[in-house]
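Trainee: I would like to learn how to read the features of a protein model. Please give me the general idea each time, then the case at hand.

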Amino acid sequence: MSTKTWWKEAIIYQIYPRSFKDSNGDGVGDLRGITEKLDYIKSLGVDTVWLNPIYKTPNDDGGYDISGYNDIQPEFGTMEDFNDLLRGLHRRGLRLIMDLVVNHSSDEHPWFVESRTAKDNPYRDFYFWRPGKDGGPPNNWLSFFGGSAWQLDQTTGEYYLHLFSKKQPDLNWENPALRNEVHKLMKFWLDKGVDGFRLDVISAISKRTDFPDTDTMDFNETIRKFYANGPRLKEFIREMRTIVWNKYDLLTVGEGPGITPDNAEDYLDNEHGLNMIFHFGHMFLDQGPGGRFDPVPWSMRDFKKIFKTWDEALLKKGWGSIFLGNHDFARMVSRWGDDKKYWSLSSKLLGTLLLSMRGTPFIFQGDEFGMTNIELNSVDDSMDIETHNGWSEARKRGLTEEQFVKIANYAGRDNARTPMQWDGSAQAGFTMGIPWMKVNTNKDAINVSDQQSEPDSILEYFKRMTNLRKTNPVLVYGQYIPVETENESLFVYYRIWEIEKWLIVLNFSSETIVFPPELTNRKATKMIGNYSTVDSLDAARPWEAVILRLCDGDELS
Ligand code: ISL
Ligand code: CA
């Protein structure tokens, strides 16, 4: 059985600082803005905050291109603002997790500026430089953001590797001097008192340094076989743990595509690995071979299968996490729920799922009150490099802009990055100035202010759910037992711990669904539900979510 730790019991709230709260009217969210909202964050019943990158950056990719690891992005404030924020969090009993982006740096980082000047520069080997092949790049790898993963640099006539944008050159972990720098910067932040790291694209830090061509057109398969899970991955993780992490009580959560139930153990080794990982199984369900801008339909059966497989895989070693949206994906309710007629019910249903699964839950800002996707009218409206590059690729394949924009509105990252809707005022209470990104036009209908203290609101429901999880260890440590696997609308499971047997029923459809026989006639107490009336226990109404505590003497089938 798993040992108890604070990070297993944590409920994490993810903040995308650029879009959270602007304190000085320049249209960009900032650290002081977050500090202003600490009481709001506390009121959600979460106990840990994860901040997307706040380091110095030319901002080519939402701050995931870092040019100074120990510096704060001036738009976000100063180190003093950061210290205030950290103090404010800790004073309220909240912990802080930082984003650590060390698979790549910015091309404006001094290391890369040096590296590109000459083949014999001491920083040359901080990155991957290779000569071209047959008049082209060293191999056929494509970047996550479209086009070749290699960029020719005129100064020395060699190519450098960039799995993401060309302003994000990949760091060379083979080089001990680079690894030493990474260890130093982690210590810098830990000594300030931060409580952990979310390690960006940790799956790709160990490269296959012979750079073999990929042999498949399926991008996600290429990631698994060629970019991620490299030969020295375990060693590099273990080294960070031995040299740095073991000296602190911190949370480490690894992010990265290519982590599968079969290789999760390599990341999570109890003694030597990360505490937990994000798994992307469900997040890739609706992506075709071409990736994000190649959407395919998804089925509830597959969705459920993914949660089962992952839960089983993580039983052996380590711990999981659960998230249904973040800054890289469409809004949770627009993607898995119904953001029109059943907006409120389906948002609450997703909140129920998120906070009743085994694994540490991550709530993405705005999801706690049902923020939805936006509608871009043209590619020019997009603020995301991935969407712009995706469009250049898509037009080569013959898509019209109208077709592409439709896809981007379904799957693009802009959806998650619009400003927080604090109230119904002109800029939704996000800024007194002109926001860096347009506020969603539905701010009048969907905002914090209207939902606060409104008993039936999504926001209040989320608070009840966080409280339920916090006060009932069965929702944290309980076994996860899925009830049926075939039904295309119902997602039903038990959580079982000591004498507690809880049943969670979620109806992912706009129809009333009659329960399978094994679920009817149970003696139970309702712990929470998104319909106020008493349940029949025979059927689930449209988008109904209910958690039942089964009474003593009840036999589990
Ligand atoms: O979003 C994805 C699926 O299409 C992922 O593959 C994602 O691109 C990948 O997990 C890495 O994401 C992280 O690193 C990127 C950055 O753009 C993302 O915002 C970040 O979460 C590069 O640093
Ligand atoms: Ca600002």
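Mentor: We start with pairing. Two strands count as paired if DSSP finds at least two bridges between them. Keep in mind that this model is predicted.

Trainee: Which residue stands opposite Val505 in E22?

Mentor: Val546 in E22 stands opposite Val505.

Trainee: How many of the six residues of strand E22 are buried?

Mentor: Buried means under 20% relative accessible area. In strand E22 (residues 545-550), five of the six residues are buried, so the strand is largely enclosed by the rest of the structure.

Trainee: How do I read a parallel case?

Mentor: Strands of a sheet pair through backbone hydrogen bonds, either parallel or antiparallel. Take strand E1. Three bridges join E1 to strand E15 (residues 360-364) in the parallel sense. E1 also pairs in parallel with strand E2 (residues 48-51), over four bridges.

Trainee: Where are the edges of an open sheet?

Mentor: Look for strands that pair on one side only. One open sheet here has three strands in the order E6-E8-E7, paired antiparallel. Its edge strands are E6 (129-130) and E7 (150-153), each pairing on one side only. E6 and strand E8 (residues 158-161) run antiparallel and are joined by two bridges. Within E8, Tyr160 is the bridge partner of Trp129.

Trainee: What about the loop between E6 and E7?

Mentor: Check its backbone angles. Asp134 lies in that loop. This residue has a positive phi of about 45°, although it is not a glycine. Asp134 is also exposed, at 77% relative accessible area. A second case is Asn229, with a positive phi of about 60°; it is not a glycine either. Asn229 is in the loop between helix H7 (219-227) and helix H8 (233-243).

Trainee: Now the packing. How many residues has the largest nonpolar core?

Mentor: In soluble globular proteins, nonpolar side chains tend to be buried together. The largest nonpolar core of this model has 146 residues, and Ile41, Phe491 and Phe508 make the most contacts inside it. Another core lies apart from it, with 19 residues, among them Leu163, Phe164, Tyr227 and Ala228. For a closer look, take Phe508. Leaving aside neighbours within four places in sequence, its contacts include Met300, Trp336, Leu353, Phe491 and Trp543.

Trainee: Is Glu386 buried or exposed?

Mentor: Glu386 is buried, at 9% relative accessible area. The residue is found in helix H13 (residues 385-396). Next, ask what its side chain meets. Glu386 makes a side-chain polar contact with Arg413 at 3.3 Å. Beyond its neighbours within four places in sequence, Glu386 is in contact with Phe144, Phe145, Arg292, Phe293 and Arg413.

Trainee: Which residues come nearest to ligand 1?

Mentor: Of the 21 residues around ligand 1, the nearest are Asp61, Asp200, Glu255, Arg292 and Asp328. Then look for polar pairs. His104 has a polar side-chain atom 2.8 Å from an oxygen atom of ligand 1. For His327 the distance from a polar side-chain atom to a ligand 1 oxygen is 2.9 Å. An N or O atom in the side chain of Arg198 is 3.0 Å from an oxygen atom of ligand 1.

Trainee: What are the protein donors of the calcium ion (ligand 2)?

Mentor: List the donor atoms, then their spacing. The donors are Asp22 (OD), Asn24 (OD1), Asp26 (OD), Val28 (O) and Asp30 (OD), lying 2.2 to 2.4 Å from the ion. Along the chain, the donors of ligand 2 follow the spacing D-x1-N-x1-D-x1-V-x1-D. Asn24 is exposed, at 52% relative accessible area, whereas Asp26 is partly exposed, at 39%.

Definitions and conventions: Residues are numbered from 1 along each chain as its sequence is written. Chains are lettered from A and ligands numbered from 1 in the order in which they are written. This is a predicted model: local features need pLDDT of at least 70, side-chain atom pairs count only at pLDDT 80 or more; totals for chains, interfaces and linings use all residues. Side-chain values use heavy atoms; hydrogens and water are left out. Buried means under 20% relative accessible area, exposed over 50%, partly exposed in between (1.4 Å probe, protein chains only). A polar contact is a pair of N or O atoms within 3.5 Å; within protein, one must be able to donate a hydrogen and the other to accept it, and residues adjacent in sequence count only if both atoms are side-chain atoms. Contact means heavy atoms within 4.5 Å. Donors are N, O and S atoms within 2.8 Å of the metal (3.2 Å for Na, K and Ca); water is not among the atoms, so sites may look incomplete. A nonpolar core is a set of buried Ala, Val, Leu, Ile, Met, Phe, Trp, Tyr and Cys residues joined through side-chain atoms within 4.5 Å. A residue is near a molecule or strand if one of its heavy atoms lies within 4 Å of it.
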